[in-house]
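Dear colleague,

Please find the structure below, handed over for your reference.

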Amino acid sequence: MKPIYDHFLFGGDWNPEQWPEETWEHDIEMLEDAHINEVTINVFSWALLQPAEDRYDFTMLDKIVALLVKHDFNIVMATGTAALPGWMVRLHPEVIRTEQNGTRHVFGGRHNFCPTSPYFREASRALAAHVAERYTGTPGLVNWHVCNEYGGGGGLCYCDQCAESFRAWLKAKYGTVEALNQAWCANFWSHTITEWADVVPPVSYGDGIGDAKCVVSGLQMDYRRFQSQAQLACYKNERDAIREYDAVTPITTNLMGTFKDLDYFEWAKEMDVVSWDNYPGMDTPSSFTAMCHDLMRGIGGNKPFMLMEQTPNQQNWFPFCKVKRPGEVRKLSWQAVAHGADTVQFFQMKQSIGGCERFHGAVIAHDGTEDSRVFKETAALGDELARIGKRIMGSEIHAKVAIMFDWQSYWSLEGCVGPTAGFSYPNEVHRFYRALWRRNVPVDMIESTMPLNELKKYDLVIAPALITVLPGVAETLEAYVSDGGNFITGYMAGIHDEHDLVVPGGYPGKLRKLMGVWIEEIDALAPSETIEVHGDMVDAKGEIVASIIHREGARRLATYGGSEFYAGHSALTVNDFGSGKAYFVGTPLDETGMNAFMASIVSELGLGSIGTPEDVSLSVRYADDGTRYAFLINNGNTDKRLCVSELNGGEELLSGGRIDDAIELRPYGVNVIKL
């Protein structure tokens, strides 16, 4: 695949407007010493670029751009619209967001605009157009960056303008209030709508139950869809303004992994390149971070993506800001590349002396020297990427396994009032992903509506907690399995249709025929409670819920143990369907159980599992010319010694040596091997 950029971008956010002008050139010289070749600028500069409603001022940004051009830097130019200026909120208070409890925000914060505000749409488009007109054709301009982390920290908006826009959105979608009432089962609790004006967003003083649940679940689902599309319209509004002046430079905005509020599959279709910000917590498993990289690669059609942000050291938004251990940032950077990143970028280049992110890590720390551990490690990483990054760019991941990540199921599962409050949708996806990652089986993350011709390229498709089955999905899955495919789903699957209504006739709804089971009841387990699962394939424990399964053609693979009345019922089944198989997992299996279950499937399907010690991962990217690049990464903080015969004879690109037998990996160690 042709790379998007001419060389590997290494850099990130630089905010020189926070510093005296006389410091700028010295900062750039330090960044050059760290092999940094790109900076992202103008992310939060609206108040400087437009100090009044009727006046623009590009004096400072012109100087910043001129300095970067002088030093031959690559530039990612943001539109500057990520935080509202004070004058705008003062003159147009309706432009700022309103909380679920009806409180309208005042000037402050960031990501704080109402996504349906006509004034915001007009003003943000105008600023994006001015920036694009002025800087299109600038030497080194490699990407446009619209706004910043849409939805992050701001939450949904519940203002009167959003309410009115939501009613118009519903009218366009359903046509009549009768169709709306049917879709929402609105006769529940006398919620029948007789006029569009009666529709109220799920505010906390109305139908909202917390920020995720609602008396009328269809209302909550539609409001989430509406808000996601409203923010997407804001992105497209600025993007289209840029395109009036620049027809070729890629345009992106930085996404946030498993962020709940925006359907990223829908967003990625409007982006030239997917970029995202990776900020794992101190207790985030490496497998979860890998899953997020694969998700961001997946929403973009399994093309290389931009690692737009990560931290060079501490990250600010946790209760305890632990410093990154020696080698850890290097490991995280190469992990991103291993899963498809064609850039490595940071927030931030220089540590601020004020504001709430002043303790967030930076390449240039508060000491302002090149003597810090972080600066030296950044420079060493930059040297590695400068030496071998370009040859890896454009190479792809080849996967025979796909996992569905479905934002509709995300919203629906976590929005259910019952049968349990114990579900985190991303954690349930990770439950299955982790077992494959542990075996170094590559995975593509896909949307549930992938067409059959694309689905057929996978030997195995997994749909964790697919509670919402959109129109056509069940039929596509039946055709896929009937033609020899293998499918796994389970607990909570198939219960709802696209309107968040229960599908009549028994769980798992439209998947019942394919799975060959009827789920009579779903038992909720207390947080500390587990249930035994026994069989030839697994001997483990289940948690959160237990599906009470009646087999309708499926074969039993494991049963529930213990003293519950459904002990002896099937806990894990497989249904022969046409030429393929459909597996139903009745309860969220613990790590031991899921590892055993997936190990059996991986072996049966010959999915090419390669064993490595715990905490050591192996990923491969494939170039168009047939070259394969293997990334062997120690994700742990202890030494690892291993022998992987598949790597023997490969050239270790970071050191220049050959792989012959035993490999020694230091804590957070990385080998990049040309096979």
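**Findings**

Ser-448 is buried, with a relative accessible area of 4% (buried means under 20%, exposed over 50% and partly exposed in between, with a 1.4 Å probe and protein chains only). This is a predicted model, in which local features need pLDDT of at least 70 and side-chain atom pairs pLDDT 80 or more, while totals for chains, interfaces and linings use all residues. Residues are numbered from 1 along each chain as its sequence is written, and side-chain values use heavy atoms, without hydrogens and water.

The loop that holds Ser-448 runs between strand E13 (443-446) and helix H15 (452-455); helices (H or I, at least four residues) and strands (E, at least two) are DSSP runs numbered from the N terminus. Beyond its neighbours within four places in sequence, Ser-448 has contacts (heavy atoms within 4.5 Å) that include Met-404, Asp-406 and Leu-466.

By the rule applied here, there are 29 salt bridges (a side-chain nitrogen of Lys or Arg within 4 Å of a carboxyl oxygen of Asp or Glu). One of them joins Arg-167 and Glu-164 at 3.1 Å, N to O. Because these two residues are three apart in helix H6 (residues 160-174), about one helical turn separates Arg-167 from Glu-164. Arg-167 is buried at 16% relative accessible area, whereas Glu-164 is partly exposed at 47%.

Another salt bridge links Glu-664 and Arg-641, with the closest N and O atoms 2.7 Å apart. This pair connects distant parts of the chain, strand E27 (residues 662-665) and strand E25 (residues 640-643). Both Glu-664 and Arg-641 are exposed.

With kind regards
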